[in-house]
Every structure is written in structure tokens, then in C-alpha cells.
Amino acid sequence: MDERQLQILRELGELGSVSAVANALHVTPSAISQQLRLLQRSIPVPLTERAGRRVVLTEAGQALARAAIEVETALARARHTIADFAEQPDGDVSLAAFHSAASAFFPLLLRSLAGPSHPRLALADEDVAQDRFPALTRDYDLVLAHRLDHGPPWPRTVTASTLLREPLDVALPTGHPLASKTLLFPHDVADQPWITVHDGFPLMSTIEAIASVANRRLDIAHRINEFAVVAEAVAAGGGLALMPRWTAREHPNLVLRPLGAVHARRHIDVLHRPERTARRAVRTVLAELHRAAAEIQSQDTHASDCA
């Protein structure tokens with residue numbers, strides 16, 4: 001039995017005929033009769049009987065019709081409960097982000113969504129390879145993920161929107177001879193030692209593009225994913241590195257220089273399963289992420305000194 005069949009049985013008990021039920025529910029009498037037959041298959045005793053030309057409820061049918069009222073009441077209460085839950089402005093919202101995005105976005109969210117009547121944030125760092133970000137939407141309401149500007153799109157199983165299209169610059173120590181240049185090219189940097197991310201992370205494609213344009217293999221000295229650690233390694237003379245222009249923390253002993261002849265830019269996207277935004281609290285955090293992205297981009301220093 002299902003909700004629709006129980007509703008029909010209840011209406012038959014109140015209205016007294018199949019045709020009256022059909023008129024009330026805006027369907028044909030044959031559709032009503034079919035649903036009654038389907039309901040009867042799951043019940044071991046007769047629910048209806050003939051009374052002249054009419055179909056009426058038996059005692060068992062009347063008992064089930066009374067129970068149907070309780071079922072409809074419980075379902076209505078459940079729907080209202082879900083509707084109230086979905087519209088709660090201060091519901092819990094879980095958000096995961098890779099490290100540099102977390103560093104840039106989390107403080108802005110915590111400040112702007114503090115206090116009553118705002119969503120309650122549950123924040124987590126998740127630094128994974130690009131192809132593993134979509135799976136995180138199973139565990140979190142929203143996921144901040146990164147991919148290269150020309151990289152493959154996210155799978156259709158998730159909804160994605162772009163927060164930032166962030167340039168990737170070359171990070172150098174302040175006293176490095178190349179720091180005097182305002183724009184660097186692959187042939188300028190190809191003979192330098194490099195600090196890169198691990199394989200499987202998007203920035204490696206740009207490193208490979210630099211090597212391809214310069215027509216030489218780069219000397220990869222270190223592999224470090226966390227940009228705060230990369231910055232310290234670059235400042236200590238460990239090599240050059242690609243760093244995001246807006247979301248990496250500033251370092252007093254580094255400069256960032258834009259890179260020419262190579263498409264060096266990444267997307268910071270927010271991923272979620274489509275049903276997550278049925279909740280008002282999730283929609284609020286999503287809107288705040290876009291507002292925060294605009295604030296982060298407005299602080300663009302055009303790859304000037306990170307001092």
C-alpha cells in the first residue's frame with residue numbers, strides 16, 4: 001500500500017462512490033478503481049463491496065480508512081518538519097577546503113557568519129588529488145576544490161560554480177636576480193631548481209608546460225603541497241615555486257612575478273551535491289563564499305612584492 005491508495009480509500013469512505021472520489025481527485029473513475037485493486041492485493045480481507053451500483057467500504061475497509069487519516073496526519077507533520085528544517089537559517093553546514101583556500105576563505109566566513117541566526121559552520125581541511133574532490137561531497141555540504149583553468153570539468157554528479165580564477169605566479173626570494181624583472185618567461189626560470197607539488201595535483205601540469213616551452217627538463221628539488229611551507233622553502237633559497245596570487249599567505253622575504261607564454265591560472269570551485277542547496281543554511285554559506293571570493297580578488301596586488 002502507498003499514500004495515494006490510502007487517500008483514495010479514505011475519500012471513498014467519506015464520499016461514498018468511485019465517481020465522487022474521481023471528481024474530487026481530478027482523475028478518471030477507472031484510475032480510482034485500478035488503485036483500489038492494487039491496494040486490495042496487499043490486504044488479506046476484502047476492503048470494498050458492492051451496494052447496488054455503488055462500491056462501498058467493508059468494516060475492514062472502514063478500519064483502514066480511519067488508519068489512513070492517521071497516516072496522512074503523520075506524513076503532513078513529517079513534511080512540515082522537513083520544510084522547517086530546510087528553512088532554518090542557523091542550521092549546521094559542513095565545508096571542506098584544500099589548504100590555501102581554507103586559509104583564505106575560512107577566516108572571512110567565520111567573521112561574517114558569527115552570531116545567532118547564521119549557519120553553524122563545521123570546517124575541515126581536505127588536501128586531495130583533483131579527481132578525489134567530487135567524492136568529498138558525500139561527506140560535506142560544500143567542498144572547495146581546485147583545477148587548472150584548462151583542466152577537465154567536474155563530473156555531472158556534482159554541481160560546481162567558480163569562486164576565483166586565480167593567476168599562478170613564480171615565487172622568488174627577494175634578493176634573487178630574477179626578482180628585478182616584472183614578467184618572467186619559461187626560459188628565464190627553466191635552469192633554476194624548483195619546488196613543486198606531488199604528482200596528481202593540478203599545478204604539476206603548469207610545471208610540465210614550463211618545461212615544454214623552455215624545451216628542457218626542470219630540476220625538481222623538493223615536493224611540498226602546503227604553500228606556507230613552500231614559501232619558507234623558497235625564502236630559504238630552496239628553489240623557485242608556483243604560488244597562487246590571492247590565496248597564499250604573504251611572506252616578507254618573497255616576491256611574486258607573473259609568468260608569460262604559459263597559461264598559468266587555476267579555478268577555485270565550490271562543489272556540492274544538488275540536493276544540498278535545498279537547505280537555506282547551505283544556500284546562505286554558498287552566497288557568502290561568492291562574496292568572500294570577490295573580497296579576496298579585490299585585494300589583488302598584481303604580483304607585486306609579498307611584503
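A residue counts as buried under 20% relative accessible area, as exposed over 50%, and as partly exposed in between (1.4 Å probe, protein chains only). With that cut-off, serine 117 is exposed, since its relative accessible area is 56%.

Some housekeeping before you click further. This is a predicted model, where local features need pLDDT of at least 70, side-chain atom pairs count only at pLDDT 80 or more, and totals for chains, interfaces and linings use all residues. Residues are numbered from 1 along each chain as its sequence is written, and side-chain values use heavy atoms, with hydrogens and water left out.

**Stop 1: two positive phi angles**

Stay on serine 117 and check the backbone: its phi is positive, about 65°, although the residue is not a glycine. You'll find serine 117 in the loop between α5 and β4 (120-125). Those element names come from DSSP runs, numbered from the N terminus: helices are H or I with at least four residues, strands are E with at least two.

Now select asparagine 215. Asparagine 215 isn't a glycine either, and has a positive phi of about 60°.

Serine 212 is exposed, with a relative accessible area of 56%. Draw a distance from serine 212 to proline 186: the two are 26 residues apart in sequence, and their C-alpha atoms are 8.7 Å apart in space.

**Stop 2: the aromatic cluster**

Next, show the side chains of Phe98, Phe133 and Trp154, which ring pairs link into a cluster. The rule here: rings of Phe, Tyr and Trp (its six-membered ring) pair if their centres lie within 6.5 Å, and planes under 30 degrees apart count as stacked, over 60 as edge-to-face and the rest as tilted. How many aromatic pairs does this rule give? The count is two.

Take phenylalanine 98 with phenylalanine 133: the ring centres are 6.2 Å apart and the planes are at 70°, so this pair is edge-to-face. The pair links distant parts of the chain, 35 residues apart, with phenylalanine 98 in the loop between β3 (92-97) and α5 (99-112) and phenylalanine 133 in helix α6 (residues 133-136).

Tryptophan 154 counts as buried, at 12% relative accessibility.

**Stop 3: α1 against α2**

Helix α1 (residues 3-15) and helix α2 (residues 18-25) pack with their axes 9 Å apart, at an angle of about 120°. That angle makes α1 oblique to α2; angles under 35 degrees count as roughly parallel, over 145 as roughly antiparallel, 65 to 115 as roughly perpendicular and the rest as oblique. Axes are lines fitted to C-alpha atoms, for helices over the stretch in contact, and angles run from 0 to 180 degrees between N-to-C directions.

To see the contact (heavy atoms within 4.5 Å), select Arg4, Gln7, Ile8, Glu11, Leu12 and Leu15 of α1 together with Val18, Ala20, Val21, Ala24 and Leu25 of α2.

Zoom in on leucine 25, in helix α2. Leucine 25 is buried, with a relative accessible area of 15%. Leaving out residues up to four places away in sequence, leucine 25 touches Arg4, Gln7, Ile8 and Ile32.

**Stop 4: α1 against α3**

Which residues meet? Gln5, Ile8, Leu9 and Leu12 in α1 face Ile32, Gln35, Leu36, Leu38 and Leu39 in α3.
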